[in-house]
Amino acid sequence: MKRGLFALVCLVCMAGWLASTAAACHSEISATIDCSGKVSYTATAWNGSDASTKSRTNANVRVWASYDNGSTFTQVGTGHFGSDNGFSFAGTFSAGSASSVVVKVQEAANWGKR
């Protein structure tokens with residue numbers, strides 16, 4: 001069952017990445033799950049050929065999880081992108097007894113602001 005959850009997390013992360021590649025400023029997220037249901041994620045600011053320190057900076061980035069195929073989400077983490085953290089942050093949360101989980105990242109502040 002947890003292998004199916006792992007596959008879903010990876011699939012959702014890839015779908016989010018594909019959908020966001022057209023936007024210049026965006027977050028990318030990757031996630032894995034272990035056999036006990038612990039989800040580990042890493043959120044990173046996009047680093048394309050025209051990215052700059054300012055364009056990769058975001059003071060308020062939130063990580064969300066859904067246990068009902070994306071109908072409702074609960075915030076499971078928060079962080080920021082800046083030169084002090086390499087424009088990336090990581091965290092973990094428990095999926096509990098859920099048979100599937102959708103993980104997404106969302107910027108709550110404007111890009112380029114500290």
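## Model and numbering

This is a predicted model, in which local features need pLDDT of at least 70 and side-chain atom pairs count only at pLDDT 80 or more, while totals for chains, interfaces and linings use all residues. Residues are numbered from 1 along each chain as its sequence is written, and side-chain values use heavy atoms, with hydrogens and water left out.

## Overall layout

Helices (H or I, at least four residues) and strands (E, at least two) are DSSP runs, numbered from the N terminus.

The protein chain has 114 residues, and 36% of them count as buried. Buried means under 20% relative accessible area, exposed means over 50%, and partly exposed lies in between (1.4 Å probe, protein chains only). Contacts (heavy atoms within 4.5 Å) show how the chain folds back on itself. Among those between residues at least 6 apart in sequence, 65% join residues at least 24 apart.

## The three-stranded sheet

Which strands make up the open sheet, and in what order? The order is β4-β3-β6, with antiparallel pairing. β4 and β6 stand at the edges, each with a single partner strand, so one side of each has no neighbour in the sheet. Neighbouring strands here are turned by 25° against each other on average, direction ignored. Axes are lines fitted to C-alpha atoms, for helices over the stretch in contact, and angles run from 0 to 180 degrees between N-to-C directions.

Two strands pair if DSSP finds at least two bridges between them. β3 (residues 58-66) and β4 (residues 74-81) pair over six bridges. In this pairing, V63 has G77 of β4 as its bridge partner. β3 also pairs with β6 (residues 102-107) over six bridges.

## Two loop residues with positive phi

Most residues other than glycine have a negative phi. N69 has a positive phi of about 60° although it is not a glycine. N69 lies in the loop between β3 and β4. N69 is exposed, with a relative accessible area of 62%.

F87 also has a positive phi, near 60°. F87 sits in the loop between β4 and β5 (88-94). Is F87 buried or exposed? F87 is buried, at a relative accessible area of 9%.

## Aromatic rings

Rings of Phe, Tyr and Trp (its six-membered ring) pair if their centres lie within 6.5 Å; planes under 30 degrees apart count as stacked, over 60 as edge-to-face and the rest as tilted. The count comes to three aromatic pairs. One of them joins F81 and F89. This pair is tilted, with 5.6 Å centre to centre and 35° between the planes. Both F81 and F89 are buried.

F81 also pairs with W111: the ring centres are 6.0 Å apart and the planes stand at 10°, so the pair is stacked. The two residues are 30 residues apart, with F81 in strand β4 and W111 in the segment after β6. F81 has a relative accessible area of 1%. Ring pairs link F81, F89 and W111 into a cluster.

## Cysteines

The structure holds zero disulfides (pairs of cysteine sulfur atoms within 2.5 Å). C25 is partly exposed, with a relative accessible area of 32%. C35 is exposed, at 75%.
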